[in-house]
Amino acid sequence: MIKKTFLLAMVLTALTVFPCAAESLEGLPLHVQKIEPGVVRVWVGDHVSSTAVCAIATKKGIVVIDSTDIPKLDEAFRKVIARELGRSDFAYLINTHGHGDHTNGNGAYADCEIIAHDSVPEMMRENFSNHTQAIGWVKENIQRQKDLIAAGKLDAKQKAAAEEQLIIATLKAEFLNSSPKPTYPSKTFRDKLVLDCGDVTFELYQSGGTHTQSDIFILAPQKGILFTGDMMADKWLSDTPGCLATFAVRTGSAEDYPVLVKNWQALIGRKDEIKQYVPGHWNGELSFEGFLARFNYLKTLLSDIEAMAKAGGDFNQFVAGYTLKDKFPALVGSPGITNQGHQMSVQHLYQIYSGKIALSTAIQELLRRDGFSAAFAELSGDVLKDRKKYFYSDAELNSLGYWLLQQLKDKEGAFQIFQLNAELHPQSWNAWDSLAEACYEKGDKQKALALYRKSLELNPASENGKKFIELIESEMKK
Ligand SMILES: [Zn+2]
């Protein structure tokens with residue numbers, strides 16, 4: 001029986017319209033925003049959640065924050081920035097984190113010092129090594145947008161959004177097909193770095209652990225700006241949040257979090273110096289209140305889950321009582337804060353502080369590789385041999401099984417997951433019910449019938465069980 005479906009895919013739809021831009025680039029509206037004297041923000045698109053590149057004029061030259069995922073755009077942006085700032089002495093590029101849509105175009109600033117957190121080069125290496133897969137995704141996206149447009153069922157805004165997606169995807173395909181090489185940072189740092197540019201100072205703080213491990217906050221006190229990359233937003237200007245979609249504590253290690261808390265706390269203490277919080281994509285906005293609320297959330301999560309893990313409490317019991325609604329009611333409905341993200345955070349931190357492995361994460365890891373069934377059989381054997389090494393829940397394993405059954409059409413894989421779940425939770429009628437369904441799907445009606453009966457013994461009120469028993473019995477009579 002389905003309890004909930006597992007969301008692994010992100011659907012991007014765009015509906016809102018941004019005021020028209022006067023200029024265009026590659027057929028996309030080009031936006032140039034002067035956010036402070038000597039500071040410009042440049043991006044393309046009214047719908048797609050594209051990277052907004054910032055540039056700051058300083059005595060030591062122009063400092064650019066982030067490149068985009070399409071170097072051709074970065075080369076054009078560089079010219080726009082030079083025109084807007086009335087100079088072309090580019091000196092530094094700072095990457096807010098290692099995602100491709102903030103580093104792919106680094107080559108446009110190859111003559112500059114490129115600064116990033118020290119986990120960025122590894123992330124870039126990985127991005128570029130997934131090249132073939134990325135081409136596949138882009139091709140699929142191009143076809144999807146073409147089909148949407150051709151079907152003629154979109155309203156004007158949706159059509160404009162699909163056309164933008166199509167241009168971006170086509171540019172991306174062109175880039176990927178050119179056998180691109182990464183341009184790595186020339187200078188990296190771990191916890192903090194101060195870049196003195198004469199009249200403007202840039203304070204770079206490690207802030208990894210939510211969006212990626214490589215994120216940094218960049219404070220330019222003389223401009224009153226804090227650049228927050230893709231970590232968060234508390235207002236969305238379009239329906240395409242993209243990189244800023246989820247705020248969750250999910251990517252750090254035990255060593256990262258104390259540094260993140262220290263750095264974030266220090267920036268909150270300097271609130272009077274910060275006039276603007278500037279996210280890495282044009283369609284996100286952030287207020288001090290949103291910045292503070294997310295910090296308090298993170299800090300509370302860290303201390304509560306560390307305490308729970310140390311006390312050796314039952315994870316599932318803890319999770320049941322530790323909901324967003326009960327513990328953080330003020331955050332419910334705030335952009336990027338979701339129940340799914342909250343669960344992800346709790347699980348990730350429990351994994352760190354308890355030293356145990358989240359079974360669902362281990363399974364998802366296997367799903368990314370080939371030969372799921374064989375690998376899962378091995379994992380399953382290990383779980384049954386040493387249950388204390390792992391933590392898991394009935395509902396989570398159940399929804400993963402359904403993900404395989406319905407989305408991936410992998411009947412055997414789903415059967416294996418449901419079978420393990422039933423072994424781990426023999427008192428759960430739902431676990432046996434799902435296993436019965438997998439048997440039925442595989443064509444083993446006899447076994448399905450026996451399992452539905454077992455499930456019904458545990459929960460005589462199960463309508464689903466009764467319905468299937470009737471169906472199977474009638475099918476077997478034929
Ligand atoms: Zn990102």
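This is a predicted model: local features need pLDDT of at least 70, side-chain atom pairs count only at pLDDT 80 or more; totals for chains, interfaces and linings use all residues.
From helix 4 come His-131, Ala-134, Ile-135, Val-138, Lys-139, Asn-141, Ile-142, Gln-145, Lys-146, Leu-148 and Ile-149. From helix 5 come Lys-159, Ala-162, Glu-163, Gln-165, Leu-166, Ala-169, Thr-170, Lys-172, Ala-173 and Leu-176. Sorted by class, this contact has 11 nonpolar, five polar and five charged residues.

Helix 4 covers residues 131–151. Its axis comes within 9 Å of the axis of helix 5, and the two cross at roughly 150 degrees. Angles over 145 degrees count as roughly antiparallel, so helix 4 and helix 5 are roughly antiparallel to each other. Their crossing is left-handed.

**Helix pairs**

Two packed helices are described by the angle between their axes and the distance between the axes.

| Pair | Angle | Axis distance |
|---|---|---|
| Helix 4 and helix 5 | roughly 150 degrees | within 9 Å |
| Helix 15 and helix 17 | about 25 degrees | 11 Å |
| Helix 16 and helix 17 | roughly 150 degrees | within 9 Å |

**Helix 17 and its partners**

Helix 17 spans residues 463–477 and packs with helix 15, residues 429–442, at an angle of about 25 degrees. That angle makes helix 15 roughly parallel to helix 17. The crossing of this pair is left-handed. Helix 15 contributes Asp-433, Ala-436 and Tyr-440 to the contact, while helix 17 contributes Asn-464, Gly-465, Phe-468 and Ile-472. These residues divide into four nonpolar, two polar and one charged.

Helix 16 is the other partner considered here. The axes of helix 16 and helix 17 cross at roughly 150 degrees, and the two helices are therefore roughly antiparallel. This crossing, too, is left-handed. On the helix 16 side, the contact uses Lys-445, Ala-448, Leu-449, Tyr-452, Arg-453, Ser-455 and Leu-456. On the helix 17 side, it uses Gly-465, Lys-466, Phe-468, Ile-469, Ile-472, Glu-475 and Met-476. By class, there are eight nonpolar, two polar and four charged residues.

Lys-447 sits in helix 16, which runs over residues 445–458. Lys-447 is partly exposed, because 15 other C-beta atoms lie within 10 Å.

Helix 15 has 14 residues, which should span 20 Å at 1.5 Å a residue; its end C-alpha atoms are 20 Å apart, in agreement. Of these 14 residues, 12 are buried, so helix 15 is largely enclosed by the rest of the structure. The buried residues are Trp-429, Asn-430, Ala-431, Trp-432, Asp-433, Ser-434, Leu-435, Ala-436, Glu-437, Ala-438, Cys-439 and Tyr-440. Their cover includes helix 13, helix 14, helix 16 and helix 17. Just after helix 15, Gly-443 has a positive phi of about 95 degrees.

Helix 13, residues 394–407, also has 14 residues. Its first and last C-alpha atoms are 20 Å apart, close to the 20 Å expected. Buried residues in helix 13 are Glu-396, Leu-397, Asn-398, Leu-400, Gly-401, Tyr-402, Trp-403, Leu-404 and Leu-405. Their cover includes helix 11 (359–367), helix 14 (411–424) and helix 15. After helix 13 comes Lys-409, with a positive phi near 55 degrees.

**Positive phi in two loops**

Glu-26 is not a glycine, yet its phi is positive, about 55 degrees. It lies in the loop between strand 1 (23–25) and strand 2 (28–36). Glu-26 is partly exposed, with 15 other C-beta atoms within 10 Å.

Ser-179 likewise has a positive phi, near 50 degrees, without being a glycine. Its loop runs between helix 5 (156–176) and strand 8 (187–189). Is Ser-179 buried or exposed? It counts as exposed, because it has 7 C-beta neighbours inside 10 Å, and the cut-off for exposed is 12 or fewer.

Note on methods. Residues are numbered from 1 along each chain as its sequence is written. Helices (H or I, at least four residues) and strands (E, at least two) are DSSP runs, numbered from the N terminus. A residue is buried if 20 or more other C-beta atoms lie within 10 Å of its own, exposed if 12 or fewer, and partly exposed in between; C-beta atoms are placed from the backbone. Axes are lines fitted to C-alpha atoms, for helices over the stretch in contact, and angles run from 0 to 180 degrees between N-to-C directions. Angles under 35 degrees count as roughly parallel, over 145 as roughly antiparallel, 65 to 115 as roughly perpendicular and the rest as oblique. A crossing is left-handed if the near helix is turned anticlockwise from the far one by less than a right angle, and right-handed if clockwise. Two residues are in contact if their C-beta atoms, placed from the backbone, lie within 7 Å. Ala, Val, Leu, Ile, Met, Phe, Trp, Tyr, Cys and Pro count as nonpolar, Asp, Glu, Lys and Arg as charged, and the others, Gly among them, as polar. The expected span of a helix is 1.5 Å times one less than its number of residues.
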